[in-house]
Amino acid sequence: MKETAPRTIFQRVLDILKKSSHAVELACRDPSQVEHLASSLQLITECFRCLRNACIECAANQNSIRNLDTIGVAVDLILLFRELRVEQESLLTAFRCGLQFLGNIASRNEDSQSIVWAHAFPELFLSCLNHSDKKIVAYSSMILFTSLSPERMKDLEENLNIAIDVIAAHQKQPDSEWPFLIITDHFLKSPELIEAMYAKLSNQERVTLLDLVIAKIVGEEPLTKDEVTVFLRHAELVASTFVDQCRAVLKLTAGQHTNDEEVLATIRLLDVLCEMSANTELLGYLQVYPGLLERTIDVLRLIHAAERDTPNIFTTTGCIKEGDISNMAEGFKSHLIRLIGNLCYKNKDNQDKVNELDGIPLILDGCGLDGSNPSDTIIPILQMRE
């Protein structure tokens, strides 16, 4: 626990911050003044550092600083920094320190989180999450993570660009902790947000999101009861999207690579379905999902027919180039077969349906023991008829 500082000290720091911010306002109105900002930026940086450090593990200091309306002043100043749109290091340093202060004052302090949210949402996040500076993206992500709550997720549903910016930030910086935590600890708990956001994501961003869904399902910690309820909603979105879009993969059989990203997103949907159907808590829902089994068999049949006509990307003898979409398409058939096998697990209706649709010859033909059809894809098929 840090020692509590007198309120008068924070008032003096705030007064310096306000006075120095006038120079930044002037530079926003007159770009020629930017070169004269050095001393003001140094003062602003030191003020933010003082406030940032005072907030660490000290609720009393957090409360004193918050009650002076320092949060509002800090947010306004940060938005001015963004308005300047210059990349000089002294400005970036002040920018970063300001964001760190907001993150620290909100840490483990619900009253401060509410004030930060009221001042920062949505403008600060829209301004900072897509910034070219990686630290600014990371620090603004920290503020968003710290301030989010189940109630505030509704605000994100009405400002989807912020959620999309978080996905884009994780895509660009997969090793950055805060965007990852926002998605896994907040976004994936809100099926309403995921559904609304998925429709507006680019295909690359969809692949990024679906990768995180897979990571959550196959993680070391099993899904909790509450998480299973949420992931059943995610399963509905993934299954319905796959049923609607899975034929997009057939473009590859004709050598059409005009929109590879759409195909990659469809391939990743199948990957998610394979992992979901391997989870006993989610399997039952997918086994009775309308059209899922039929459409999976249908795509497998069409790919099989195309292979007989001409070698294509799904053909094992086809040319696979490094970095080509082939790297993701390879094994697509075996994943179709894996999904069919999972959907048939201890489910006589689905077993009979596969037989009625003449799926067994397709499956056996696709289970040749070669590099793209490993033997482990055969096992669920051999077990599926009781």
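Which residues touch the most other members of the largest nonpolar core?

1. **The core.** The residues with the most contacts to other members are Phe81, Phe125, Phe187, Met197, Met276 and Leu292, in a largest nonpolar core of 118 residues. A nonpolar core is a set of buried Ala, Val, Leu, Ile, Met, Phe, Trp, Tyr and Cys residues joined through side-chain atoms within 4.5 Å. Buried means under 20% relative accessible area, exposed over 50%, and partly exposed in between (1.4 Å probe, protein chains only).

2. **What you are looking at.** This is a predicted model, in which local features need pLDDT of at least 70, side-chain atom pairs count only at pLDDT 80 or more, and totals for chains, interfaces and linings use all residues. Residues are numbered from 1 along each chain as its sequence is written, and side-chain values use heavy atoms, with hydrogens and water left out.

3. **The overall fold.** The protein chain has 22 helices and zero strands; these are DSSP runs numbered from the N terminus (helices H or I, at least four residues; strands E, at least two). Of the 386 residues in the protein chain, 54% are buried. Among contacts (heavy atoms within 4.5 Å) between residues at least 6 apart in sequence, 77% join residues at least 24 apart.

4. **A crossing of two helices.** Take a look at α10 (residues 160–172) and α13 (residues 203–217), whose axes come within 9 Å and cross at roughly 80°. Axes are lines fitted to C-alpha atoms, for helices over the stretch in contact, and angles run from 0 to 180 degrees between N-to-C directions. The two helices are therefore roughly perpendicular (65 to 115 degrees). On α10 the contact uses Ile164, Ile167, Ala168, His170 and Gln171, and on α13 it uses Gln204, Glu205, Thr208, Leu209 and Leu212.

5. **Met197 beside that crossing.** Leaving aside neighbours within four places in sequence, Met197 is in contact with Leu160, Ala163, Ile164, Ile167, Phe187 and Leu209. Ile164, Ile167 and Leu209 also belong to the contact of α10 with α13.

6. **Helix α3.** In α3 (residues 59–67), the buried residues are Asn61, Gln62, Ser64, Ile65 and Arg66. They pack against α1 (7–29), α2 (38–54), α4 (70–84), α5 (89–106) and α6 (110–120). Ser64 has a relative accessible area of 17% and, beyond its neighbours within four places in sequence, is in contact with Arg7 and Phe10. Just after α3, Asp69 takes a positive phi of about 65°.

7. **Cysteines.** The structure holds zero disulfides (pairs of cysteine sulfur atoms within 2.5 Å). Cys97 is buried at 4% relative accessibility, and Cys128 is buried at 0%.

Conventions
Angles under 35 degrees count as roughly parallel, over 145 as roughly antiparallel, 65 to 115 as roughly perpendicular and the rest as oblique.
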